Amino acid sequence: MSSGPYLHGHHASVLRSHAWRTVENSCPHLIPYLDNPSLKILDVGCGPGTITVDLASRIPQGLVVAIDPSADVIEKARKHAAEKGVTNVRFEVGDIFHWNALEGVGEGGFDVVHAHQVLQHLQDPLGALREMKKLTKVGGIVAIRDVDYSAMNWYPEHDGMRKWLHLYMAVAKGIKCDPNIGKRLHAIAMEAGFPRSDIEASVAAWTFSTPEEREWWCSLWAERTVQSEFKHKAIESGLATEKDLQEIAQTWREMERKEDGWFAVINGQVICHVK
Ligand SMILES: C[S@@+](CC[C@H](N)C(=O)[O-])C[C@H]1O[C@@H](n2cnc3c(N)ncnc32)[C@H](O)[C@@H]1O
């Protein structure tokens, strides 16, 4: 099964959002499992690698291997690790469906196999989770976190925001991906063979409300709407015109200026114990 096209692509507005991410703001579910400094971790779909490098700096005697199918983004991730002086990390161009694990840390070899905001972009998330399970040691964990777009919320109300959400979900579903996967990660894990009693399921939110947070969140969505791969997919699929997208970008700019603006992004997260 192929991974399918990555909906956002790697435009600067997309990478700006990924590069903000840290273990603390994006993987709180993983923190209790990082207390062994010699862990071997696999980061699947690492993007520009800020979470990856943060993980590596928390396990100085361990190793983080990180894969992403985009050679460009892997280059950026390597550069980020070098800038941070973090050396116990290896970035590889790789796809979870066709990856030959590195010698020594191959099948059944990782303590933690982690994917952040990746399964929502795959046409076969169950197949990916099965691959991740195979790569995890007995006694280790598979950790997944993804957003649920249907649970996105904001204040104040704005019709344009409803239009954006409706369009985003339609474009994602049009390329056979599930933008609301965050609410059923535990169900996919059960389908992949994890007993319910071996799965911890939780929720954590990102909130954007201060002027700085609103500026960051709204301006990156305004840019993504009219400049990233999303724009092309929305137009190619016939779900939006250039004018619709310009209006949605304008909505984001208006939301950015609302002093009482507030945005909540709900993320589902699971820890699956491999026994
Ligand atoms: C939303 S980004 C998340 C990046 C990073 N995990 C983060 O949270 O900052 C999703 C990433 O998954 C990658 N991806 C897409 N298909 C993949 C596959 N089959 N195997 C591994 N990674 C994949 C994309 O290239 C993209 O960089």
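**Salt bridges and nonpolar cores**

In this predicted model, Arg 253 pairs with Glu 256 in a salt bridge whose closest N and O atoms are 3.4 Å apart. Both residues belong to helix α10, where they sit three residues apart, or about one turn of the helix. The two partners fall into separate accessibility classes. Arg 253 is partly exposed, with a relative accessible area of 31%. Glu 256 counts as buried because its relative accessibility is 18%, and the cut-off for buried is under 20%.

What happens when salt bridges share partners? Lys 163, Lys 243, Asp 244 and Glu 247 are joined in this way into one network.

A further pair brings together Lys 134 and Glu 131, with their closest N and O atoms 3.2 Å apart. Both are found in helix α5, which spans residues 125-134, and they are three residues apart, about one turn of the helix. Lys 134 counts as partly exposed with 43% relative accessibility, and Glu 131 is partly exposed with a relative accessible area of 25%. Across the whole structure, the search finds 14 salt bridges.

Attention now turns to the nonpolar residues. The largest nonpolar core has 34 residues, and the members that touch the most others are Tyr 149, Trp 164, Trp 217, Trp 252 and Phe 263. Which elements give two or more residues to this core? They are the helices α6 (159-174), α8 (211-227), α9 (229-236) and α10 (242-257), together with the strands β7 (199-208) and β8 (262-273). The largest share, eight residues, comes from α6.

Leaving aside residues up to four places away in sequence, Phe 263 touches Asn 153, Trp 154, Met 161, Trp 206, Thr 207, Phe 208, Arg 214, Trp 217, Cys 218, Trp 252 and Met 255.

Note on methods. Residues numbered from 1 in each chain as written. Predicted model: local features only at pLDDT ≥ 70, side-chain atom pairs only at ≥ 80, totals over all residues. Heavy atoms only, no water. Core = buried A, V, L, I, M, F, W, Y, C linked by side-chain atoms within 4.5 Å. Buried < 20%, exposed > 50% of the residue type's maximum accessible area, 1.4 Å probe, protein only. Helix = DSSP H or I, 4+ residues; strand = E, 2+ residues; numbered from the N terminus. Contact = heavy atoms within 4.5 Å. Salt bridge = Lys/Arg side-chain N within 4 Å of Asp/Glu carboxyl O.
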